[in-house]
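Subject: Structure handover

Hello,

Here is the structure we talked about. Please open it and keep it beside you while you read my notes below.

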Amino acid sequence: MFPSRFRYEAPTSIEEAIALLGANEDAKVLAGGQSLIPMMKLRFANPALLVDINNIPDMGYHRADADGSFRIGALCRHADLEKSTILREHQPLLAAAAPLVADPIVRTRGTFVGSVCHADPQGDWAACMVALGGSVIAQGPNGKRAVEVKDFVSGPFTTVLARDEIAIEGVVPKAQGTRTGGYLKLERRVGDFATAAVAVSLDMSGGVVKNAGIGLVGVGSQTINASEAAAALIGSSLDDEAVDRAAELAAEASNPRGDHRGSADYKRHIVSTFVTRIIANVQRSEMQVA
Amino acid sequence: MTSLFEELQPAAAAEVQTTRVDIKINGEYKAAQIEPRLLLAHLIRNGFRLTGTHTGCDTTNCGACTVLMDGAPVKSCTVFAVQANGHEVTTVEGLATASELHPIQEGFKDEHGLQCGFCTPGMMLSAKALLDENLNPTEDEVRWALSGNLCRCTGYQNIVKAVLWAAAKMRGDVPADEAATADDSPGGEA
């Protein structure tokens, strides 16, 4: 299989790339290409122009900034995050998800920001960013704007990115206290679409949840922001009652379809189980530290 | 309808954009004039005639087409050849020297790490990427590193043993099976 014919440009600056996108009706950005190229081979996507951003320097970074935010550049690969000690130190949810994205070979090419932009309801990173209250920085001809990921993803495989904008960075906001959390994914085998996956982020201070977020993967037509479930945790000390309530609300927020990976009821059950299990894991590791 | 021939002979089609790529493949510099949509797997196999790289699923699943690009494993069916311009690529042909197998190849031979052999080149390159970073992997780490490569014959057991054998050899240890040759029954464990 090979894609339809397209024109190929590999600019060496973001400005150049944005100009190319602006001047062409049917252009697409190529970063890691691990979703785009398969879609082009299947001819689900037939862009007339591919703007390869891999030759633009200084976009492969991920770093913890002095203001407490964590920033991930457009060419930061999943494998960079999987191996990162700074990620483990600052962003436990992202560190838990990194080794579970696709498979090891895809992780060497695929990018974090590209995955968020692909907006696959099965995408791991968009759900993590929703849980963390993270944003995407979009750069266009008139400058940059930040869009929260919960608003950035507007539907399955659809974002609010304008035709002449490039997502140049993902930003995770500063923690309100100590950040903890986790990611659990049920897949039949490595690299398969998830039966269901759950991202939980918790900012804790003095044993109390200051901020929380829950993102759900593969249990609806797009990434699900289970905000009511997360709200049930805020202000609690992660007591059984609050955790049970959050698990129940997360299952209610999901909207799965029964398929060969399991019935809708089964997937809802996994969502609630994963919420409970992630929080239990967090509590267990806190006890070991204390 | 286009064909792979047309893809590889872009001059045959009028007004098609072509690009020159220079790739260092298995230590040798090669150039080609290609269409941007040509996949790296196709350039390697049909352009450079290095047919050790296999295309299995052609849908980014199976890992049979795995090659190393600048030392990192990539699925060559999911990278455009034009993206490898200026980069270094290693295929299975780059593992052995003229006279000697690579320890990973020896391991696959010694531990019966293949049956039909279709997945083997990809397996060996994923294994090389692992051993280049970690010469002392645990069994779990080997399984993890190979989890993007599918094998439909072996049940993976002997592939994992082959990689552990190679790791031991590359560390300079005597591989476990060399020391005790008694247990040599193929497929003994499942």
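A crossing is left-handed if the near helix is turned anticlockwise from the far one by less than a right angle, and right-handed if clockwise. By that rule, helix 3 of chain B crosses helix 4 of chain B in the right-handed sense. Please bear in mind that this is a predicted model.

**Domains**

Chain A has three domains in the assignment: domain 1 (7-52), domain 2 (62-172) and domain 3 (178-289). In chain A, the C-alpha centres of domain 1 and domain 3 are 35 Å apart.

Chain B is assigned domain 1 (4-94) and domain 2 (103-179). The C-alpha centres of these two chain B domains are separated by 25 Å. They do touch: 17 residues of domain 1 of chain B are in contact with 13 residues of domain 2 of chain B.

**The sheet of chain B**

Look next at the open sheet in chain B. Five strands make it up, in the order 2-1-5-3-4, and the pairing is mixed. Which strands stand at the edges? They are strand 2 (28-34) and strand 4 (72-75) of chain B. Each has a single partner strand, so one side of each has no neighbour in the sheet. From one strand to the next, the twist averages 40 degrees.

Strand 3 (residues 66-69) of chain B pairs with strand 4 of chain B in the antiparallel sense, over four bridges. One place to look is B:T66, whose bridge partner in strand 4 of chain B is B:K75.

Two helices lie across strands here. Helix 2 (residues 40-47) of chain B lies across strand 1 (19-25), strand 2, strand 3 and strand 5 (88-90) of chain B. It runs at about 75 degrees to strand 1 of chain B. Helix 4 (residues 120-133) of chain B lies across strand 3, strand 4 and strand 5 of chain B. Its angle to strand 3 of chain B is about 35 degrees.

Start with helix 3 and helix 4 of chain B. They pack at about 125 degrees, with axes 10 Å apart. That makes helix 3 of chain B oblique to helix 4 of chain B. From helix 3 of chain B come B:I104, B:Q105 and B:F108; they meet B:T120, B:M123, B:M124, B:A127, B:K128 and B:L131 in helix 4 of chain B. By class, this contact has six nonpolar, two polar and one charged residues.

Now helix 3 (residues 103-110) and helix 6 (residues 157-171) of chain B. Their axes come within 8 Å and cross at roughly 135 degrees. The two helices are therefore oblique to each other, and their crossing is right-handed. Helix 3 of chain B contributes residues including B:P103, B:I104 and B:F108, and helix 6 of chain B contributes residues including B:I159, B:W165 and B:M170. The residues of this contact divide into nine nonpolar, one polar and three charged.

Last, helix 4 and helix 6 of chain B. What angle do they pack at? It is about 40 degrees, with the axes 11 Å apart. Helix 4 of chain B is thus oblique to helix 6 of chain B. The crossing is right-handed. B:M123, B:A127, B:L130 and B:L131 of helix 4 of chain B make the contact with B:I159, B:V163, B:A166, B:A167 and B:M170 of helix 6 of chain B. That contact has nine nonpolar residues, no polar and no charged.

Best wishes

Key:
Residues numbered from 1 in each chain as written. Chains lettered and ligands numbered in written order. Predicted model: local features only at pLDDT ≥ 70, side-chain atom pairs only at ≥ 80, totals over all residues. Heavy atoms only, no water. Axes fitted to C-alpha atoms, helices over the stretch in contact; angles between N-to-C directions. Parallel < 35°, antiparallel > 145°, perpendicular 65-115°, else oblique. Contact = heavy atoms within 4.5 Å. Nonpolar A, V, L, I, M, F, W, Y, C, P; charged D, E, K, R; others polar. Domains from an automatic or database assignment. Pairing = 2+ DSSP bridges.
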